[in-house]
Amino acid sequence: MPSPFRKLPRSLSFHQIERCIPMKWKESIKPPPLDVREKPEPQSCFANETIVLLPDEKTDKYLVDCLAITLKDSTRNGRLFKALRIFSLIQSHALASSAYAVFVVDSLSSLLLSCVNLELVPQGKQLHAQVITWGLHKSQALVPKLVSFYTTFGFIDEAQYIAADSNILHPLHWNVLISSYVSEGRYDEAIFAYKEMGHKRVVPDRSTYPSVLKACAEQSNLEFGREVHKSINATSSLKHDLFVQNALVSMYGKCGDLETARSIFEEIPDKDEVSWNSIISVYASRGMWDQAFELFESMSGADMTLNIITWNIIAGGCLRTGNFVGALKLIRQMRTGGVRLDHVAVIIGLGACSRIRELKSGKVIHSFAIRSASIEYDNVKNALITLYSRCGDLTHAYVVFRLVEGKNVITWNSIISGFAKKDMPEEAFSLFRELLITKIEPNYVTLACVLPLCARVANPKHGREIHGYIATRAEFRGNLLLCNALIEMYSRTGRVLIARRIFDSMETRDLVTYTSMISGYGSQGKGGIAVDLFEEMIKCNIKPDDVAMVAILSACGRSRLVSQGRLFFEKMVSVYCITPGLEHFACMVDLYGRAGLLKKAKEVISTMGYCPTEQMWAMLIGACRVHGNTEIGEWAAEKLLEVSKQKNR
């Protein structure tokens, strides 16, 4: 279409316009007499884009007023191209008389705003050209509109040029520019714009500082943040401005100066929800949950409205600190208190339910997620898969898994680990193969879930293939979780030498690493090497747990290392502060039984304080048969029969 900004003649003849006038308007309009002193209120008289030019100066002024009002009506109703045609007429009058130039500014301001609302970039740029043509590029009314237009569509560099080229002392256009830089993550340029604003002697206002302080916070630029704080204190009207003070609390908190953040918070006389959320978020982001929980209680006691953000922060804190019951309790309070759960709250609630195996409550949250449309979020579906998998309901887990359209690696990990933990290796392997067909790359969690399955199904070929896959990926090199999984797999399948090579190549080892190797050597009857590894672990200041003690006691039993096994058992309580469990006593029975110390084995069973299992009695009977002790063997057989009878009742 031709440009609406073509230059029109300075005057239009009446007969050229008369044809555009509606009949009803022709009949009703009466030009005011020349001696009328009071001008009537301007009204929009151009419903059908009609224009009337009368030779009188007053009526001409009245006509331009009507044109301006019609233009604003058109922009408000989204009829930009009609507004542009009307603007052409206003231009023609402004060219004829400088008295109408003010209407050009108002019209351009309305048109630019309409271009923003309707997302019309080319037309907005044409209007900018008109601004320059009219010499209005430094107009106090138009500069903020131009900056807003360009920043809205991401042309921040153009907006910066317009702001820097102006000499306007009002900070509005700078505020828009700085805020846009912060929104785009261009924090250095936001701070530079703030400094340039100062060079031009533009005084910042309450809308300037929050954006600048956020830029300082995101860069952890505490030094400049303090300079901004001094500037705020120099302005008496901002010392107690709630909007600015909340931004200061957030800035100091994110920069790690919690003491100053708390001090500013305490000095705020009329705290609002943002004030409380800011200080609670500060402590939560630093993992200082005790202080965050304490502030949450104070906020509740201050009759403040708790919004969903606050609830989510505290409920998420309970989840992170292992207080799963507390997290679930907060989610229930939110529901009973009329707070509408968002998808974040749903994920927190499902996470708490999965940790404590609270399937019933999880299903309630699932039903709410369906009603509230939170189920549309893939993260919610992933949390549901984890919930059902951990609670053993793999049927529902699989159904939800198939409903996820945009499956990511977390989705696959959730369902594969569910089948793996349920000891369903074939199903887990089938899903893993399906994953490999997709374009999604498995991560270290996926591989750590699958590797133990290779040992369970005694399929070393799959294990070697996965090991090769890991070896060819640089991102997996030296990963502790994967190395531990490989050591466990090779140890369980009897390939201890390969496991040892991986063990020796590791720069960092943890308790799981040593436990897997000790268990592997123990199963091969190499208890001496297992004992050496255990002692090496202790020298590395790695404290054993109950699983590690089972591994070393079992290794001593298989190699008949009675004295070492007895010593480790005694150290469990005295040195490592571990209370012996049924498995530890079973290891001691096996140790004494293999060594022929059947009376010691009988003594362990009789005094251990636990009800012996069928396996323990069978273990003792087997040792008696090997060593020819019929007396203890018959006694153990009678006890085994008693246990069997009680079990069958």
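The negative surface patch is formed by Glu631, Glu634, Glu638 and Glu642. Patch members have over 30% relative accessible area and no salt bridge, with like charges joined within 9 Å. Glu631 belongs to helix 36, residues 630-648; helices here are DSSP runs of H or I, at least four residues, numbered from the N terminus. Glu631 is exposed, at a relative accessible area of 62%, where exposed means over 50%, buried under 20% and partly exposed in between, with a 1.4 Å probe and protein chains only.

A word on the basis. This is a predicted model, in which local features need pLDDT of at least 70 and side-chain atom pairs count only at pLDDT 80 or more, while totals for chains, interfaces and linings use all residues. Residues are numbered from 1 along each chain as its sequence is written, and side-chain values use heavy atoms, leaving out hydrogens and water.

I turn to the aromatic rings. The structure holds 17 aromatic pairs, counted when ring centres lie within 6.5 Å; planes under 30 degrees apart are stacked, over 60 edge-to-face, and the rest tilted. Phe503 and Tyr514 form an edge-to-face pair, 5.3 Å centre to centre with 80 degrees between the planes. Phe503 sits in helix 28 (residues 496-505) and Tyr514 in helix 29 (residues 511-523), so this pair ties together parts eleven residues apart in sequence. Phe503 is buried at 1% relative accessibility, and Tyr514 is buried with a relative accessible area of 1%.

Phe585 and Tyr610 form a tilted pair, at 5.9 Å and 55 degrees. Phe585 is buried at 12%, whereas Tyr610 is partly exposed at 37%.

Finally, ring pairs link Phe149, Tyr150, Phe153 and Phe155 into a cluster.

Key. Patches are made of residues with over 30% relative accessible area and no salt bridge: like charges are joined within 9 Å, nonpolar side chains (Val, Leu, Ile, Met, Phe, Trp, Tyr) within 5 Å. Accessible areas come from the Shrake-Rupley method with a 1.4 Å probe; for residues, only the protein chains shown count as cover. A salt bridge is a side-chain nitrogen of Lys or Arg within 4 Å of a carboxyl oxygen of Asp or Glu. Lys and Arg count as positive and Asp and Glu as negative; His and the chain ends are not counted. The place of a charge is taken as NZ of Lys, CZ of Arg, CG of Asp or CD of Glu. Helices (H or I, at least four residues) and strands (E, at least two) are DSSP runs, numbered from the N terminus. Rings of Phe, Tyr and Trp (its six-membered ring) pair if their centres lie within 6.5 Å; planes under 30 degrees apart count as stacked, over 60 as edge-to-face and the rest as tilted.
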